[in-house]
Amino acid sequence: MRRAVLIAVPYVWLLALFLIPFAVVFKISLSDIALAIPPYTPTAKDGIWAMLSQLDFENFVFLTEDDLYWKAYLSSLQIAFISTVLTLLVGYPMAYAMARAPEQWRATLLMLVILPFWTSFLIRVYAWVGILSGEGFLNQFLLWIGIIDAPLTILNTNTAVYIGIVYTYLPFMILPIYSALDRLDGSLIEAAEDLGCSRLKAFWLVTIPLSRNGIIAGCFLVFIPALGEFVIPSLLGGSGTLMIGKVLFEEFFSNRDWPVASAVAVILLLILIIPIVLFQRNEQRQAEAEQ
Amino acid sequence: MKKMMLSTVAIVALTGAAMADEVRVYNWSDYIDEELLTKFEEETGLKLIYDVFDSNEVLETKMLAGSSGYDVVVPSGTFLQRQISAGAFQKLDTSKLSNAGNLWDVVEARTAQYDPDNAYSINYMWGTTGIGVNVGKVQEILGADAPMGSLDLIFDPANMEKLQACGVHFLDAPTEMIPAALKYIGEDPDSHDPDVLAKAEPIMSAVRPYVQKFHNSEYINALANGDICVAFGWSGDILQARDRAAEAENGVEVAYNAPSEGALMWFDQMAIPVDAPNPEGAHMFLNFILDAQNMAQASNYVYYANGNIASQEFLVEDVIGDPAIYPDAATLENLYTTTPYPARVQRTVTRMWTKVKSGT
């Protein structure tokens with residue numbers, strides 16, 4: 001009995017917070033747009049049978065007919081991928097330095113990484129508008145030290161979006177890598193060095209593979225939300241920044257086309273879920289093979 | 001158990017009471033003298049919760065999702081018309097609007113095309129969409145005879161290319177920009193024909209590279225501070241920028257012109273959502289706004305004309321005497337109105353707008 005309850009808990013969680021909302025979105029994606037509250041038809045008011053018989057895949061067909069959507073998906077994948085790599089490049093050395101720092105400092109360093117979360121996400125992104133704009137702090141500083149003659153245009157470009165994503169998601173990269181490195185047994189590196197590895201080689205052959213799980217977790221935590229990101233591209237990006245989050249917003253708010261917006265969301269989810277499931281399966285197989 | 005039930009009842013009663021004491025208003029940003037909000041609270045003893053938006057689209061999404069929780073909202077004419085047909089609003093109870101006699105028949109005749117018999121809404125403000133310029137900068141770039149009152153200024157790529165360095169903002173509202181582009185090439189600005197609408201795209205795409213930003217409210221400050229030199233925006237917002245620049249004495253002179261080719265005339269209407277938690281309080285708010293002196297105070301503050309004839313005697317000369325706000329007969333002749341796009345056309349329009357803005 002107790003076991004059944006224990007097993008049921010994650011499933012109830014999954015059902016309530018993922019499957020039911022997904023079913024609702026999926027159902028709307030098969031509906032038609034209507035001028036009503038809510039703005040689609042059929043709804044539950046029409047009866048179950050009418051509701052089911054009127055559903056079709058028209059909206060998904062529509063998405064394939066217009067290249068806007070594919071361009072937006074591809075451009076989001078590209079932006080999410082590049083930002084994940086950048087976040088890893090910035091985050092790994094920080095996590096490494098934290099894990100190597102004297103014991104009594106680590107709690108403070110960890111605190112400093114988490115500290116930005118005490119301020120609202122929106123305000124932090126908005127602060128970057130002030131930093132990156134033509135008359136912003138960054139340009140003023142660069143002009144002052146004489147590196148540039150004219151202000152750089154960073155705000156309202158993809159560069160600003162990368163800066164925003166790397167800044168915002170950095171803690172999500174640092175924390176899992178730090179926790180992997182923190183557990184790393186220092187004697188393994190000593191052993192590698194005793195056996196003739198240079199420090200660099202020991203880092204490459206011992207430290208990186210042993211922190212692999214932290215790297216993977218960090219990359220997922222950055223890549224997945226970055227793919228659907230809306231706030232950062234709309235505040236920092238320009239009108240030319242094409243991301244699926246912005247397309248979703250347009251479908252929902254400008255077109256008030258909930259069915260097409262839902263279809264866009266369903267496909268975004270599939271893009272995310274299929275590789276993750278494949279990856280996990282692969283991992284499991286490897287783990288079993290090792291045993 | 002009994003005690004628990006009692007406290008539950010008490011909590012329900014309390015929240016119920018709180019609802020009846022509150023009025024939630026959702027209005028455009030920079031659109032009222034905030035002293036009026038405190039005055040309303042003092043006069044009625046109701047607590048006023050005042051939120052703002054800056055695009056009709058955002059408001060419409062909230063209305064069509066239902067249960068917005070607002071008692072009074074302020075959509076523009078075409079959006080109001082569509083939301084009425086979606087069943088989003090309740091009919092006004094005129095017995096609770098003792099000040100309704102203050103309304104101006106000239107405006108009512110026009111708003112009736114969106115809301116027949118004005119059964120669902122009262123006019124709050126109305127205005128035109130036109131060109132705001134930083135006079136000094138534009139003349140410095142384009143010469144003393146710069147076409148500051150013509151759509152040539154914003155749709156002729158030769159002018160825009162020169163102006164881009166000092167900054168140009170457009171409204172992020174296809175329902176405002178497309179009619180203007182159509183008017184520029186001599187087409188019917190209210191056309192719903194996809195082939196005619198398609199003609200607006202090359203006009204806008206040709207000047208797109210020179211537009212710094214598409215936004216519905218940032219241009220007020222940007223114009224006033226001298227960060228940009230041209231904005232295609234709403235009359236009162238640009239006049240507010242003019243006023244702020246004059247107050248700041250920063251050497252920026254802002255002017256508003258309704259395009260000589262013809263300008264879009266729009267109406268912002270106050271209406272009560274069908275599921276408003278406090279319709280009683282909503283009517284009290286509408287009646288408060290309909291009061292001649294209150295309405296005049298709002299107009300004197302935001303530089304928009306209103307639909308309240310009785311308020312005109314309390315308007316300052318800067319407002320009632322300014323043809324950019326209260327147009328003379330000749331200008332009035334040159335104004336046009338638009339009607340809502342059907343759903344399929346709306347899709348074409350939004351798609352075109354995305355294409356113009358993002359280049360894809």
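Predicted model: local features only at pLDDT ≥ 70, side-chain atom pairs only at ≥ 80, totals over all residues.
The predictor assigns the complex an ipTM of 0.71 and a pTM of 0.78. Chain B has an average pLDDT of 90. In that chain, 94% of the residues score at least 70. Strand E3 (residues 72-73) of chain B has the highest mean pLDDT, at 97. Helix H1 (residues 2-20) of chain B has the lowest, at 49. Over residues 8-18 of chain B, pLDDT stays under 50. For these residues the model has zero contacts beyond four places in sequence.

Two helix pairs in chain A were examined. Two packed helices are described by the angle between their axes and the distance between the axes. The crossing of H4(A) past H8(A) is right-handed. Residues of this contact comprise 22 nonpolar, four polar and one charged.

The second pair is H13(A) and helix H14 (residues 258-290) of chain A. Here the axes lie 8 Å apart, and the packing angle is about 160 degrees. Angles over 145 count as roughly antiparallel, and H13(A) and H14(A) are therefore roughly antiparallel to each other. Their crossing is left-handed. On the H13(A) side, the contact involves A:Ile244, A:Val247, A:Leu248, A:Glu251 and A:Phe252. These residues meet A:Trp258, A:Val260, A:Ala261, A:Val264, A:Ala265 and A:Leu268 in H14(A). By class, the contact has 10 nonpolar residues, no polar residues and one charged residue.

H4 and H13 of chain A also take part in the contact between the chains. That contact takes 18 residues from chain A and 22 residues from chain B. On the side of chain A that touches chain B, the elements giving two or more residues are H4 and helix H13 (244-254) of chain A. H13(A) gives the most to this side, with four residues. The side of chain A that touches chain B has 10 nonpolar, four polar and four charged residues.

One residue of helix H1 (residues 2-29) of chain A was also considered: A:Phe22. A:Phe22 counts as partly exposed because 14 C-beta neighbours lie inside 10 Å. A:Phe22 and A:Val166 are 144 residues apart along the chain. Their C-alpha atoms are separated by 29 Å.

Notes: Residues numbered from 1 in each chain as written. Chains lettered and ligands numbered in written order. Left-handed = near helix turned anticlockwise from the far one by under 90°. Nonpolar A, V, L, I, M, F, W, Y, C, P; charged D, E, K, R; others polar. Contact = placed C-beta atoms within 7 Å. pLDDT = per-residue confidence, 0-100. Buried ≥ 20, exposed ≤ 12 C-beta atoms within 10 Å, placed from the backbone. Axes fitted to C-alpha atoms, helices over the stretch in contact; angles between N-to-C directions. Parallel < 35°, antiparallel > 145°, perpendicular 65-115°, else oblique.
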